[in-house]
Amino acid sequence: HSAQAGGRRIAPGGAARGPAAQELRDALARAGRRMLQLERELQSAVSERDNDRERVAAAERKAALDASTLSSLQLELNGLQREAESWESQLRTSEATLVHLRQHAEHLQKTLTIKEEEMVRYRSEADSHTRTLSQTNSQLSPLRDSVGKPMY
């Protein structure tokens with residue numbers, strides 16, 4: 001058997017010769033190089049896809065961790081809000097007590113002022129009574145001296 005290449009006969013086991021054969025060899029070499037380039041591009045794309053998948057997985061893990069952290073922070077915030085509400089309630093109670101105590105103190109101050117005024121008045125009355133008593137004693141003294149003495 002023999003094959004034809006560009007109109008020439010190729011002996012069995014022989015190589016094709018001539019410009020057409022050279023073009024074919026060049027085209028095969030270019031196709032081989034292109035195939036190697038495409039294989040490298042495919043490997044690069046596969047590697048990039050794997051890297052993208054890993055980045056997505058890492059982002060998903062981070063998102064899950066962030067969600068867990070956010071949930072913990074939300075629980076802590078809720079606790080702090082309840083504590084703040086409790087403090088606010090205690091503060092309102094304390095403020096109401098303080099207002100009541102201030103009113104009571106004002107009432108006691110008024111009462112004290114009235115009692116002090118009464119005490120000043122009573123002292124003045126007592127001083128007046130003491131003077132009157134002293135005068136009466138002075139007037140009674142000669143009478144007392146004459147009591148018990150014979151009248152003749």
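**Reading a helix and its salt bridges**

Modeller: Asp 66 is partly exposed, with a relative accessible area of 38%. The term covers what lies between buried (under 20% relative accessible area) and exposed (over 50%), with a 1.4 Å probe and protein chains only. This is a predicted model, where local features need pLDDT of at least 70 and side-chain atom pairs pLDDT 80 or more, while totals for chains, interfaces and linings use all residues. Residues are numbered from 1 along each chain as its sequence is written, and side-chain values use heavy atoms, with hydrogens and water left out.

Colleague: With which residue does Asp 66 form a salt bridge?

Modeller: Side chains of opposite charge can pair when their charged atoms come close. A salt bridge here is a side-chain nitrogen of Lys or Arg within 4 Å of a carboxyl oxygen of Asp or Glu. Asp 66 has Lys 62 as its partner, with 2.9 Å between the closest N and O atoms. Both residues lie in helix α1, four residues apart, about one turn of the helix. Lys 62 counts as exposed, at 52% relative accessibility.

Colleague: How many salt bridges does a search of the whole structure find?

Modeller: The search finds five. Among them is the pair of Arg 55 and Asp 52, whose closest N and O atoms are 2.1 Å apart. These two also lie in helix α1 (residues 19–146), three residues apart, about one turn of the helix. Asp 52 is partly exposed at 33% relative accessible area. Another salt bridge joins the side chains of Arg 49 and Asp 50, at 3.3 Å from N to O. Arg 49 is partly exposed at 39%, and Asp 50 is partly exposed at 37%.

Colleague: In what order do the elements of the chain run?

Modeller: Helices (H or I, at least four residues) and strands (E, at least two) are DSSP runs, numbered from the N terminus. The chain has one helix and two strands, and from the N terminus on the order is β-β-α.

Colleague: Where does α1 bend?

Modeller: A bend at a residue is the angle between axes fitted to the seven residues ending there and the seven starting there. α1 bends by about 35 degrees at Leu 140, and the proline Pro 142 follows within four residues.

Colleague: What percentage of the 152 residues in the chain is buried?

Modeller: Buried residues make up 1% of them.
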